[in-house]
Amino acid sequence: MSAGARTDDSRDLRDAFRRWRANRPFWGGLLLTLGGAEILLTEKASLKVVLHIGMQGLAGYLLPTTMLLCGLLILFNPAQRLFYSLLGILLSLGTWVTSNLGGFFVGLLLGAVGSCLAFGWLPDQKPRRRLLRREHA
């Protein structure tokens, strides 16, 4: 296989990914997923402790897991983005109480920004271009 053929294949893959990404609220879903993952990674309690604490301990794992799931669902099912983004912002705010201040505020902020981006995304919208220079009369 020649180097030119590999370049064409990688260009085709990159173009296919760009088309896929353009048809969904990619950055919103990605940030919400990363926020849920970050909060899950900052959890230090073992499963024994969580089960001993009860519902409050279980909520510390349940909310970020559901955040992560909402982020993935936004990416792979963008038609329902409004419901998933509203649920994601509520879950993000809930992790402030249940999960180490929302993963030390990092996961909470990632989840909140991602949910807002997903909520505000509009399908089939033409890209906006900024005017670099003003037109003079």
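## Starting at Ala 37

Ala 37 is partly exposed, at a relative accessible area of 24% (under 20% is buried, over 50% is exposed, and partly exposed is in between, using a 1.4 Å probe and protein chains only). You'll find Ala 37 in helix α2, residues 26–42 (helices are DSSP runs of H or I with at least four residues, numbered from the N terminus). Ala 37 and Leu 69 are 32 residues apart along the chain, and their C-alpha atoms are separated by 9.8 Å.

A quick note on the model: it is predicted, so local features need pLDDT of at least 70 and side-chain atom pairs count only at pLDDT 80 or more, while totals for chains, interfaces and linings use all residues. Residues are numbered from 1 along each chain as its sequence is written, and side-chain values use heavy atoms, with hydrogens and water left out.

## Rings around Trp 20

Searching the whole structure turns up 6 aromatic pairs (rings of Phe, Tyr and Trp, taking the six-membered ring of Trp, pair if their centres lie within 6.5 Å; planes under 30 degrees apart are stacked, over 60 edge-to-face, and the rest tilted). Take Trp 20 and Phe 26: their ring centres are 6.3 Å apart and their planes sit at 75°, so this pair is edge-to-face. Trp 20 is partly exposed at 28% relative accessible area, whereas Phe 26 counts as buried at 12%.

Trp 20 also pairs with Phe 76, with centres 5.8 Å apart and planes at 45°, so that pair is tilted. Since Trp 20 lies in helix α1 (residues 3–22) and Phe 76 in helix α4 (residues 55–76), the pair ties together parts 56 residues apart in sequence. Phe 76 itself is exposed, at 59% relative accessibility.

Arg 21 lies over the face of Phe 26, at 5.9 Å from the ring centre (for a charge over a ring, NZ of Lys or CZ of Arg must be within 6 Å of the ring centre and within 35 degrees of the ring normal).

## Two helices side by side

How are helices α5 and α7 packed? Helix α5 (residues 81–98) and helix α7 (residues 106–120) meet at an angle of about 160°, with their axes 8 Å apart (axes are lines fitted to C-alpha atoms, for helices over the stretch in contact, and angles run from 0 to 180 degrees between N-to-C directions). That makes α5 roughly antiparallel to α7 (over 145 degrees; under 35 is roughly parallel, 65 to 115 roughly perpendicular, and the rest oblique).

The residues in contact (heavy atoms within 4.5 Å) include Leu 82, Ile 89 and Trp 96 of α5, and Leu 108, Cys 116 and Phe 119 of α7.
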